[in-house]
Amino acid sequence: MLVAKQSYEESLGNRVEVNKKRLEALNLPMLSQALKSSSSPKPSSTKQAKTRVVQKQLVVVRRSTHFANKRVAVDRVAIPRRIFGRQRELSNRVYASPEAQAEAQEKAEKLEMGLEPVYPTFTKSMLRPHVTGGFWLGLPIQFCFRNLPKCNAVMTLIDVDGDEYPTIYLVHKIGLTGGWKGFTVAHHLVVGDAVVFQLIRPTTFKVYIIRVKGSEEGN
C-alpha cells in the first residue's frame, strides 16, 4: 500500500513537470503576466483642460496730446459781458393793439421806399424777444446772405442824430446781440415799434424808428 502511494505521487509529480514544460513552451506565464499588467488602469493621456483665468485690469486712458500744442485759428468777436442788474419794470406796460402795430409797420415801409435805393434796406417790427428779456434781434436770412459779412463781426448802428452803437453780429445765428440791448434801452423801443435798417457801409446800419403810437422819432 505504501508502494502504491509513492507510485501515485511520483506519477503526479511527473505530470506536473510535463505540464510545466508545456506552459513554458507556449510562453503562457509571460502572456498571463502581460495581460495582468495591461488590464491595470493607466492614467489617462488626455490633457486636462486648464482653467482659464480672466483677470480684470483697470486701464487709465490717456488723452492724446497730438493737438495739445497746436494752435487753431478761431474767428471770434469780443462780446461785452452781460451785466445783471435791476430789470426794467414791465408789469404795467400796455402793449399796442395789432392795428396800431400794423399802422407803424406800414409807415416804416413807406419810409423805406423813400430812401436811396443804392443802399440795401429792411424793416423789422419789434417783438418781445427784441426789446425784453434776451434782447436778441434776428435778421432777414436772404438779406444777410447777400450783404453782411460771412463771419462774426461788429455791426455799428447809427441813429438819425449820428450817435453810434456797436453791436455783435453772429453769422451762424443770423442776428444781432451784445450791444443791441444798449441800443434798445437808449431808444426806449417797445413792442410794435417799426425799425428801418439801411446798410450804408459793409458793417454799418443807419437806423430809423417809427413809433407804434404814430409819432416818428429819430432817437
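Ring pairs join Phe 122, Phe 143, Tyr 165, Trp 180, Phe 183, Phe 197 and Phe 205 into a cluster. The model is predicted. It holds eight aromatic pairs and three salt bridges.

**Aromatic pairs**

- A pair of rings is described by the distance of the centres and the angle of the planes.
- The structure has eight aromatic pairs.
- Phe 122 and Phe 143 are edge-to-face, because their ring centres lie 4.7 Å apart and their planes stand at 65°, with over 60 degrees as the cut-off for that class.
- Phe 122 belongs to strand β1 (residues 121-125) and Phe 143 to helix α5 (residues 141-147), so this pair ties together parts 21 residues apart in sequence.
- Both Phe 122 and Phe 143 are buried.
- Tyr 165 and Phe 183 also make an edge-to-face pair, at 5.4 Å centre to centre and 85° between the planes.
- Tyr 165 sits in strand β4 (residues 164-170) and Phe 183 in helix α6 (residues 180-186), so the pair ties together parts 18 residues apart in sequence.
- Phe 183 counts as buried because its relative accessibility is 0%, and buried means under 20%.

- Lys 107 forms a salt bridge with Glu 103, with the closest N and O atoms 3.9 Å apart.
- Lys 107 and Glu 103 are four residues apart in helix α3 (residues 98-113), so about one helical turn separates them.
- Lys 107 counts as partly exposed at 33% relative accessibility. Glu 103 is partly exposed too, with a relative accessible area of 42%.
- Lys 110 forms a salt bridge with Glu 106, and here the closest N and O atoms are 4.0 Å apart.
- Lys 110 and Glu 106 both lie in helix α3, again four residues or about one turn apart.
- Is Lys 110 buried or exposed? Lys 110 is exposed, because its relative accessible area is 56% and the class begins over 50%.
- Glu 106, at 45% relative accessibility, counts as partly exposed.

**Salt bridge between loops**

- Arg 211 forms a salt bridge with Asp 193, the closest N and O atoms being 3.3 Å apart.
- Arg 211 lies in the loop between β7 (204-210) and β8 (216-217), and Asp 193 in the loop between α6 and β6 (194-201), so the pair ties together parts 18 residues apart in sequence.
- Arg 211 and Asp 193 are both buried.

**Arg 201**

- Arg 201 has its place in strand β6.
- Arg 201 is partly exposed, because its relative accessible area is 43%.
- Pro 120 is 81 residues from Arg 201 along the chain, and their C-alpha atoms are separated by 9.8 Å.

**The chain as a whole**

- The chain has six helices and eight strands.
- From the N terminus on, the order of elements is α-α-α-β-α-β-α-β-β-β-α-β-β-β.
- Of the 219 residues, 28% count as buried.
- Among contacts between residues at least 6 apart in sequence, 57% join residues at least 24 apart.
- The chain exposes about 17,000 Å², and carbon and sulfur atoms supply 55% of that area.

Terms used
Residues numbered from 1 in each chain as written. Predicted model: local features only at pLDDT ≥ 70, side-chain atom pairs only at ≥ 80, totals over all residues. Heavy atoms only, no water. Phe/Tyr/Trp six-rings, centres within 6.5 Å; stacked < 30°, edge-to-face > 60°. Helix = DSSP H or I, 4+ residues; strand = E, 2+ residues; numbered from the N terminus. Buried < 20%, exposed > 50% of the residue type's maximum accessible area, 1.4 Å probe, protein only. Salt bridge = Lys/Arg side-chain N within 4 Å of Asp/Glu carboxyl O. Contact = heavy atoms within 4.5 Å. Areas by Shrake-Rupley, 256 points an atom, 1.4 Å probe, with all protein chains shown as cover.
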